[in-house]
Amino acid sequence: PNAANIPTAVPEGDDMVVQEDYTASGVGQITLKRGDEVVVSNKANEEWWYVFCGGKQGWFPSAFLLDKSAIKEPEKFKVIANYTAESEQELAAKKGEIVLITDQTSNPEWWFGVIGGREGWIPVSFLKKL
């Protein structure tokens, strides 16, 4: 991505939500966290979009963004079998626990949920809607 034609004030654009944490690794990129809301002002590059967020601006991976209108209200699900997390991004859960699912759209086989103060990805096959 380059800096050509980049606005300095927050423009009209698409309202999106960050789906994964990202730490900037290059000049002109922006570091954002999951759940941050952004305005996308430039989609000229398929893989990198120019975004504005809370007074910051920069290039951000388009694959990490979801249109705000596509986000559903969180739903409650019951864990139907123990699940042991295999990475720190996954959510360990015990049979019978209630999970508040906040993202059902990023991946059809894994949803993002919260149990108490813990959050992470859990396989859909371990969940039953309440």
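Over the face of which ring does Lys43 lie? Lys43 lies over the face of Trp49, at 4.6 Å from the ring centre; a charge counts as sitting over a ring if NZ of Lys or CZ of Arg is within 6 Å of the ring centre and within 35 degrees of the ring normal. Arg34 is placed over the face of Phe112, at 3.5 Å from the ring centre.

The model is predicted, and local features need pLDDT of at least 70, side-chain atom pairs count only at pLDDT 80 or more, and totals for chains, interfaces and linings use all residues. Residues are numbered from 1 along each chain as its sequence is written, and side-chain values use heavy atoms, with hydrogens and water left out.

Strands are DSSP runs (E, at least two residues) numbered from the N terminus, and two strands pair if DSSP finds at least two bridges between them. An open sheet is formed by five strands in the order S9-S8-S7-S6-S10, with antiparallel pairing. Strands S9 (118–123) and S10 (127–129) stand at the edges with a single partner strand each, so one side of each is left without a neighbour in the sheet. Neighbouring strands of this sheet are turned by 45 degrees against each other on average, direction ignored, where axes are lines fitted to C-alpha atoms and angles run from 0 to 180 degrees between N-to-C directions. Strand S6 (residues 75–79) is joined to S10 by three bridges in the antiparallel sense, and Val79 stands opposite Leu127 in S10.

Strand S1 has pairings with S2 and S5. S1 and S2 are antiparallel and pair over four bridges, with Val40 in S2 as the bridge partner of Asp14. Three bridges join S1 to strand S5 (residues 65–67), again antiparallel, and Leu65 in S5 is the bridge partner of Val18.

Five salt bridges are found in the whole structure, a salt bridge being a side-chain nitrogen of Lys or Arg within 4 Å of a carboxyl oxygen of Asp or Glu. One of them joins Asp14 to Lys43, with the closest N and O atoms 2.5 Å apart. Asp14 belongs to strand S1 (residues 14–18) and Lys43 to the loop between strand S2 (37–42) and strand S3 (48–53), 29 residues apart. Asp14 is partly exposed at 32% relative accessible area, and Lys43 is partly exposed at 39% (buried means under 20%, exposed over 50%, partly exposed in between, with a 1.4 Å probe and protein chains only). Glu75 forms a salt bridge with Lys129, the closest N and O atoms being 2.2 Å apart; this pair links S6 to S10 across 54 residues. Glu97 and Arg118 meet in a salt bridge at 3.5 Å, N to O. Glu97 lies in the loop between S6 and strand S7 (98–103) and Arg118 in strand S9, 21 residues apart.

The structure holds 10 aromatic pairs; rings of Phe, Tyr and Trp (its six-membered ring) pair if their centres lie within 6.5 Å, and planes under 30 degrees apart count as stacked, over 60 as edge-to-face and the rest as tilted. Tyr22 and Trp48 form an edge-to-face pair, 5.9 Å centre to centre with 70 degrees between the planes. Tyr22 lies in the loop between S1 and S2 and Trp48 in strand S3, so the pair ties together parts 26 residues apart in sequence. Tyr22 is buried at 14% relative accessible area, and Trp48 is buried at 18%. Tyr22, Trp48, Phe60 and Phe64 form one aromatic cluster.
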